[in-house]
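Subject: Structure for you to look at

Hello,

Here is the structure we talked about. Please open it and keep it beside you while you read the notes below.

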Amino acid sequence: MSTAVLVAAVVGGGVLLLMRRLFPRQKAVKLLRYPADTMRGKTVIVTGANCGIGKALAGELLKLQARVVMACRDQRSAEEAAKDIQKQAGPAQGQVVVKHLDLASLTSVRTFCEEIRQEESKIDVLVNNAGVYQCPYTKTEDGFELQLGVNHLGHFLLTHLLLDLLKTSAPSRIVVVSSKLYKYGQINFDDLNSENNYNKASCYSQSKLANLLFTLELARQLEGTGVTVNALTPGIVRTRLGRHVQIPFLAKPLFYLASLLFFKSPLEGAQTPLYLSCSPEVEGVSGKCFANCEEEELMAKATDDRAARRLWDISRRMVGLAN
(Lines give C-alpha, C1' and ligand atoms only; values in the text may rest on other atoms or scores of the structure.)
Protein backbone atom coordinates (compact mmCIF):
# COMPACT_ATOMS: atom_id res chain seq x y z
CA MET A 1 0.00 0.00 0.00
CA SER A 2 2.75 2.43 0.97
CA THR A 3 4.64 1.60 -2.25
CA ALA A 4 1.58 2.38 -4.35
CA VAL A 5 1.11 5.70 -2.57
CA LEU A 6 4.76 6.56 -3.07
CA VAL A 7 4.59 5.72 -6.79
CA ALA A 8 1.41 7.75 -7.19
CA ALA A 9 3.03 10.71 -5.42
CA VAL A 10 6.12 10.54 -7.62
CA VAL A 11 4.13 10.20 -10.84
CA GLY A 12 1.71 12.92 -9.81
CA GLY A 13 4.56 15.24 -8.91
CA GLY A 14 6.25 14.53 -12.22
CA VAL A 15 3.05 15.29 -14.13
CA LEU A 16 2.55 18.59 -12.30
CA LEU A 17 6.18 19.55 -12.98
CA LEU A 18 5.69 18.80 -16.66
CA MET A 19 2.49 20.85 -16.69
CA ARG A 20 4.33 23.77 -15.13
CA ARG A 21 6.88 23.65 -17.92
CA LEU A 22 4.25 23.36 -20.64
CA PHE A 23 1.93 25.97 -19.14
CA PRO A 24 3.86 28.44 -16.96
CA ARG A 25 1.61 29.83 -14.28
CA GLN A 26 0.52 33.33 -15.17
CA LYS A 27 0.52 36.27 -12.80
CA ALA A 28 -2.58 36.63 -10.68
CA VAL A 29 -5.04 38.79 -12.59
CA LYS A 30 -6.44 41.75 -10.72
CA LEU A 31 -10.12 42.16 -11.52
CA LEU A 32 -11.03 45.67 -12.62
CA ARG A 33 -13.46 47.78 -10.62
CA TYR A 34 -15.35 50.69 -12.15
CA PRO A 35 -18.22 52.84 -10.81
CA ALA A 36 -21.51 50.98 -11.26
CA ASP A 37 -22.83 53.46 -13.83
CA THR A 38 -19.64 53.66 -15.94
CA MET A 39 -21.34 52.42 -19.12
CA ARG A 40 -24.83 53.79 -18.52
CA GLY A 41 -26.27 55.09 -21.76
CA LYS A 42 -23.62 53.32 -23.85
CA THR A 43 -24.26 50.60 -26.44
CA VAL A 44 -21.69 47.84 -26.83
CA ILE A 45 -21.68 45.08 -29.45
CA VAL A 46 -19.79 41.92 -28.48
CA THR A 47 -19.37 39.16 -31.04
CA GLY A 48 -19.22 35.61 -29.73
CA ALA A 49 -20.83 36.68 -26.45
CA ASN A 50 -22.52 33.37 -25.70
CA CYS A 51 -19.48 31.73 -24.07
CA GLY A 52 -15.90 32.20 -22.88
CA ILE A 53 -14.35 35.64 -22.84
CA GLY A 54 -17.27 37.15 -24.75
CA LYS A 55 -19.86 36.01 -22.23
CA ALA A 56 -17.73 37.13 -19.27
CA LEU A 57 -17.20 40.53 -20.91
CA ALA A 58 -20.91 40.92 -21.66
CA GLY A 59 -21.70 40.14 -18.03
CA GLU A 60 -19.26 42.76 -16.72
CA LEU A 61 -20.58 45.40 -19.14
CA LEU A 62 -24.14 44.59 -18.09
CA LYS A 63 -23.17 45.20 -14.45
CA LEU A 64 -21.84 48.59 -15.53
CA GLN A 65 -25.30 49.36 -16.99
CA ALA A 66 -24.40 49.15 -20.67
CA ARG A 67 -26.81 48.16 -23.40
CA VAL A 68 -25.10 44.96 -24.56
CA VAL A 69 -25.79 43.52 -28.00
CA MET A 70 -24.77 39.86 -27.93
CA ALA A 71 -23.95 39.02 -31.55
CA CYS A 72 -23.80 35.22 -31.81
CA ARG A 73 -24.09 32.41 -34.33
CA ASP A 74 -25.88 30.05 -31.92
CA GLN A 75 -29.08 31.89 -31.02
CA ARG A 76 -30.25 29.37 -28.43
CA SER A 77 -26.91 29.35 -26.62
CA ALA A 78 -26.86 33.15 -26.69
CA GLU A 79 -30.32 33.40 -25.14
CA GLU A 80 -29.29 31.01 -22.35
CA ALA A 81 -26.12 33.01 -21.77
CA ALA A 82 -28.15 36.24 -21.65
CA LYS A 83 -30.39 34.82 -18.93
CA ASP A 84 -27.34 33.67 -17.00
CA ILE A 85 -25.54 37.02 -17.02
CA GLN A 86 -28.78 38.86 -16.19
CA LYS A 87 -29.20 36.69 -13.08
CA GLN A 88 -25.65 37.49 -11.99
CA ALA A 89 -25.71 41.20 -12.77
CA GLY A 90 -27.99 42.23 -9.92
CA PRO A 91 -30.88 44.71 -9.87
CA ALA A 92 -29.02 47.78 -11.20
CA GLN A 93 -28.03 46.50 -14.60
CA GLY A 94 -28.15 47.54 -18.22
CA GLN A 95 -29.99 45.92 -21.11
CA VAL A 96 -29.29 42.81 -23.15
CA VAL A 97 -30.16 42.32 -26.80
CA VAL A 98 -29.50 38.97 -28.47
CA LYS A 99 -28.98 39.04 -32.23
CA HIS A 100 -27.95 36.42 -34.75
CA LEU A 101 -24.58 36.89 -36.45
CA ASP A 102 -22.73 34.19 -38.37
CA LEU A 103 -19.30 35.51 -39.27
CA ALA A 104 -18.83 32.61 -41.69
CA SER A 105 -21.51 34.17 -43.89
CA LEU A 106 -21.09 37.61 -45.45
CA THR A 107 -24.85 37.65 -46.06
CA SER A 108 -25.42 37.18 -42.32
CA VAL A 109 -22.93 39.97 -41.54
CA ARG A 110 -24.71 42.36 -43.92
CA THR A 111 -28.12 41.45 -42.51
CA PHE A 112 -26.91 41.97 -38.94
CA CYS A 113 -25.41 45.38 -39.76
CA GLU A 114 -28.56 46.49 -41.55
CA GLU A 115 -30.63 45.57 -38.49
CA ILE A 116 -28.21 47.38 -36.18
CA ARG A 117 -28.39 50.54 -38.31
CA GLN A 118 -32.18 50.42 -38.18
CA GLU A 119 -32.55 49.56 -34.48
CA GLU A 120 -29.63 51.28 -32.74
CA SER A 121 -29.13 55.03 -32.70
CA LYS A 122 -25.46 54.69 -31.80
CA ILE A 123 -22.58 52.29 -31.09
CA ASP A 124 -20.13 53.29 -28.41
CA VAL A 125 -17.98 50.15 -28.47
CA LEU A 126 -17.61 47.31 -30.96
CA VAL A 127 -15.75 44.27 -29.61
CA ASN A 128 -14.58 41.84 -32.31
CA ASN A 129 -14.21 38.81 -30.06
CA ALA A 130 -15.65 35.73 -31.80
CA GLY A 131 -13.28 33.22 -33.33
CA VAL A 132 -12.53 29.64 -34.30
CA TYR A 133 -9.33 27.76 -33.53
CA GLN A 134 -7.45 25.00 -35.34
CA CYS A 135 -10.52 23.51 -36.98
CA PRO A 136 -10.36 20.93 -39.79
CA TYR A 137 -10.14 22.44 -43.25
CA THR A 138 -13.52 23.94 -43.96
CA LYS A 139 -14.73 26.75 -46.16
CA THR A 140 -17.20 29.45 -45.25
CA GLU A 141 -20.41 30.04 -47.16
CA ASP A 142 -18.45 32.43 -49.39
CA GLY A 143 -15.56 30.04 -50.06
CA PHE A 144 -13.00 31.33 -47.54
CA GLU A 145 -10.86 29.11 -45.33
CA LEU A 146 -12.87 29.08 -42.10
CA GLN A 147 -10.31 30.55 -39.67
CA LEU A 148 -9.43 33.40 -42.03
CA GLY A 149 -13.09 33.88 -42.88
CA VAL A 150 -14.40 34.09 -39.32
CA ASN A 151 -11.46 35.53 -37.41
CA HIS A 152 -10.49 38.16 -39.97
CA LEU A 153 -12.76 38.64 -42.99
CA GLY A 154 -16.11 38.41 -41.18
CA HIS A 155 -15.00 41.01 -38.63
CA PHE A 156 -13.39 43.09 -41.38
CA LEU A 157 -16.74 43.45 -43.17
CA LEU A 158 -18.67 43.86 -39.92
CA THR A 159 -16.46 46.75 -38.83
CA HIS A 160 -16.63 48.46 -42.21
CA LEU A 161 -20.42 48.31 -42.37
CA LEU A 162 -20.73 49.80 -38.87
CA LEU A 163 -18.10 52.52 -39.30
CA ASP A 164 -20.53 55.30 -40.21
CA LEU A 165 -22.56 54.65 -37.05
CA LEU A 166 -19.39 54.45 -34.97
CA LYS A 167 -18.24 57.78 -36.40
CA THR A 168 -21.53 59.54 -35.62
CA SER A 169 -21.31 58.06 -32.10
CA ALA A 170 -17.77 59.39 -31.49
CA PRO A 171 -15.94 59.23 -29.22
CA SER A 172 -16.30 55.50 -29.80
CA ARG A 173 -14.05 52.46 -29.65
CA ILE A 174 -13.29 49.29 -31.57
CA VAL A 175 -11.64 46.42 -29.70
CA VAL A 176 -10.03 43.53 -31.60
CA VAL A 177 -9.23 40.26 -29.85
CA SER A 178 -6.06 38.73 -31.29
CA SER A 179 -3.69 36.12 -29.79
CA LYS A 180 -0.04 35.76 -28.89
CA LEU A 181 0.01 32.93 -31.41
CA TYR A 182 0.24 35.62 -34.09
CA LYS A 183 4.00 35.24 -33.51
CA TYR A 184 3.97 31.94 -35.39
CA GLY A 185 1.97 33.26 -38.34
CA GLN A 186 2.79 34.70 -41.73
CA ILE A 187 0.41 36.34 -44.19
CA ASN A 188 0.61 34.02 -47.19
CA PHE A 189 -0.38 36.49 -49.88
CA ASP A 190 0.21 33.85 -52.57
CA ASP A 191 -2.31 31.46 -50.99
CA LEU A 192 -4.30 33.49 -48.46
CA ASN A 193 -7.13 30.97 -48.59
CA SER A 194 -4.77 28.04 -47.86
CA GLU A 195 -6.03 26.02 -50.82
CA ASN A 196 -2.60 24.65 -51.78
CA ASN A 197 -1.47 23.75 -48.27
CA TYR A 198 -3.48 23.70 -45.04
CA ASN A 199 -1.93 23.64 -41.59
CA LYS A 200 -4.59 24.39 -39.01
CA ALA A 201 -2.17 25.89 -36.47
CA SER A 202 -0.45 28.10 -39.05
CA CYS A 203 -3.77 29.27 -40.43
CA TYR A 204 -4.97 30.27 -36.98
CA SER A 205 -1.77 32.23 -36.39
CA GLN A 206 -2.16 33.87 -39.80
CA SER A 207 -5.69 34.99 -38.90
CA LYS A 208 -4.50 36.47 -35.59
CA LEU A 209 -1.67 38.31 -37.32
CA ALA A 210 -4.28 39.60 -39.76
CA ASN A 211 -6.22 40.99 -36.78
CA LEU A 212 -3.21 43.04 -35.75
CA LEU A 213 -2.48 44.32 -39.25
CA PHE A 214 -6.16 45.24 -39.63
CA THR A 215 -5.98 47.19 -36.36
CA LEU A 216 -2.85 48.99 -37.56
CA GLU A 217 -4.30 50.12 -40.89
CA LEU A 218 -7.75 50.91 -39.49
CA ALA A 219 -6.22 53.14 -36.82
CA ARG A 220 -4.37 55.05 -39.54
CA GLN A 221 -7.55 55.52 -41.56
CA LEU A 222 -9.59 56.60 -38.53
CA GLU A 223 -7.23 59.36 -37.42
CA GLY A 224 -9.20 62.49 -36.59
CA THR A 225 -12.61 60.79 -36.58
CA GLY A 226 -12.94 60.28 -32.82
CA VAL A 227 -13.07 56.50 -33.31
CA THR A 228 -10.20 54.52 -31.83
CA VAL A 229 -9.21 50.91 -32.43
CA ASN A 230 -6.94 48.76 -30.31
CA ALA A 231 -6.12 45.07 -30.21
CA LEU A 232 -5.37 42.72 -27.33
CA THR A 233 -3.94 39.29 -26.62
CA PRO A 234 -5.84 37.66 -23.72
CA GLY A 235 -3.37 34.89 -22.91
CA ILE A 236 -4.29 31.24 -22.30
CA VAL A 237 -7.90 31.12 -21.14
CA ARG A 238 -10.21 28.22 -20.26
CA THR A 239 -12.75 28.48 -23.07
CA ARG A 240 -14.36 26.27 -25.71
CA LEU A 241 -12.11 27.78 -28.38
CA GLY A 242 -9.86 24.70 -28.40
CA ARG A 243 -12.68 22.21 -28.93
CA HIS A 244 -11.21 21.06 -32.27
CA VAL A 245 -7.82 20.23 -30.73
CA GLN A 246 -7.39 16.46 -30.46
CA ILE A 247 -6.17 15.40 -27.01
CA PRO A 248 -5.52 11.69 -26.31
CA PHE A 249 -8.28 10.24 -24.13
CA LEU A 250 -5.96 9.29 -21.27
CA ALA A 251 -4.37 12.74 -21.29
CA LYS A 252 -7.65 14.65 -20.99
CA PRO A 253 -7.85 14.51 -17.17
CA LEU A 254 -4.30 15.84 -16.91
CA PHE A 255 -5.00 18.59 -19.44
CA TYR A 256 -8.13 19.55 -17.50
CA LEU A 257 -6.10 19.71 -14.29
CA ALA A 258 -3.50 21.89 -16.02
CA SER A 259 -6.20 24.24 -17.27
CA LEU A 260 -7.51 24.71 -13.73
CA LEU A 261 -4.05 25.35 -12.35
CA PHE A 262 -2.39 27.40 -15.06
CA PHE A 263 -5.01 28.93 -17.40
CA LYS A 264 -6.96 32.13 -16.86
CA SER A 265 -10.66 31.91 -16.15
CA PRO A 266 -12.97 33.54 -18.74
CA LEU A 267 -13.52 36.42 -16.32
CA GLU A 268 -9.78 36.95 -15.97
CA GLY A 269 -9.40 36.73 -19.74
CA ALA A 270 -12.09 39.40 -20.13
CA GLN A 271 -10.23 42.03 -18.11
CA THR A 272 -8.21 43.52 -20.97
CA PRO A 273 -11.18 43.86 -23.38
CA LEU A 274 -13.12 45.37 -20.49
CA TYR A 275 -10.28 47.81 -19.90
CA LEU A 276 -10.18 48.82 -23.55
CA SER A 277 -13.97 49.21 -23.60
CA CYS A 278 -14.32 51.28 -20.43
CA SER A 279 -11.13 52.78 -19.11
CA PRO A 280 -10.52 56.53 -19.37
CA GLU A 281 -6.80 55.65 -19.44
CA VAL A 282 -7.07 54.64 -23.12
CA GLU A 283 -9.29 57.52 -24.23
CA GLY A 284 -7.84 58.68 -27.55
CA VAL A 285 -5.28 55.84 -27.70
CA SER A 286 -5.39 54.01 -31.04
CA GLY A 287 -3.46 51.46 -33.10
CA LYS A 288 -1.94 49.71 -30.09
CA CYS A 289 -2.03 46.19 -28.69
CA PHE A 290 -2.55 45.40 -25.02
CA ALA A 291 -2.01 42.41 -22.73
CA ASN A 292 -3.01 42.31 -19.07
CA CYS A 293 -4.26 45.90 -19.39
CA GLU A 294 -0.84 47.17 -20.43
CA GLU A 295 0.52 48.11 -23.83
CA GLU A 296 2.31 45.18 -25.46
CA GLU A 297 5.31 45.43 -27.74
CA LEU A 298 4.66 43.58 -30.99
CA MET A 299 6.98 41.80 -33.39
CA ALA A 300 7.95 43.71 -36.52
CA LYS A 301 5.67 41.65 -38.77
CA ALA A 302 2.65 42.90 -36.80
CA THR A 303 3.63 46.55 -37.33
CA ASP A 304 4.47 46.31 -41.04
CA ASP A 305 2.60 49.22 -42.66
CA ARG A 306 3.10 47.91 -46.20
CA ALA A 307 1.77 44.45 -45.35
CA ALA A 308 -1.16 46.03 -43.50
CA ARG A 309 -2.17 48.12 -46.50
CA ARG A 310 -1.75 45.17 -48.87
CA LEU A 311 -3.90 42.93 -46.67
CA TRP A 312 -6.47 45.72 -46.36
CA ASP A 313 -6.84 46.04 -50.13
CA ILE A 314 -7.07 42.28 -50.68
CA SER A 315 -9.59 41.91 -47.85
CA ARG A 316 -11.79 44.62 -49.33
CA ARG A 317 -11.91 42.74 -52.63
CA MET A 318 -12.58 39.41 -50.92
CA VAL A 319 -15.61 40.71 -48.98
CA GLY A 320 -16.96 42.69 -51.92
CA LEU A 321 -16.20 46.24 -50.76
CA ALA A 322 -13.80 47.22 -53.55
CA ASN A 323 -15.14 48.84 -56.72
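**Notes on the structure**

N129 is buried, at a relative accessible area of 13% (buried means under 20% relative accessible area, exposed over 50%, partly exposed in between, with a 1.4 Å probe and protein chains only). This is a predicted model, in which local features need pLDDT of at least 70 and side-chain atom pairs count only at pLDDT 80 or more, while totals for chains, interfaces and linings use all residues. Residues are numbered from 1 along each chain as its sequence is written, and side-chain values use heavy atoms, with hydrogens and water left out.

N129 sits in the loop between strand 4 (125-128) and helix 5 (146-168). Helices (H or I, at least four residues) and strands (E, at least two) are DSSP runs, numbered from the N terminus. Beyond its neighbours within four places in sequence, N129 is in contact with V46, T47, G48, I53, G54, H155 and V177 (contact means heavy atoms within 4.5 Å). A polar atom of the N129 side chain lies 3.2 Å from the backbone oxygen of G48.

H152 belongs to helix 5 and is buried too, with 2% relative accessibility. Its side chain makes a polar contact with the side chain of S315, at 2.8 Å. A polar contact is a pair of N or O atoms within 3.5 Å; within protein, one must be able to donate a hydrogen and the other to accept it, and residues adjacent in sequence count only if both atoms are side-chain atoms.

Why is helix 9 described as largely enclosed by the rest of the structure? Eight of the eight residues of helix 9 (residues 271-278) are buried, so the rest of the structure largely encloses it. These buried residues pack against several elements, including helix 2 (52-63), strand 5 (172-177) and strand 6 (227-232).

The largest cavity has a volume of about 50 Å³. A cavity is a set of points, on a 1 Å grid over the protein atoms alone, where a 1.4 Å probe fits but cannot get out; lining residues have an atom within 4 Å of a point. Grid points are joined across faces, edges and corners, and the volume is the space filled by probe spheres set on the points. H152 is one of the residues in the lining of the largest cavity, and H155 is among them as well. Helix 5 gives the largest share of that lining, four residues.

Regards

Conventions
1 Å grid on protein atoms, 1.4 Å probe; cavity = no way out; pocket = protein on both sides within 12 Å on 5 of 7 lines; lining within 4 Å.
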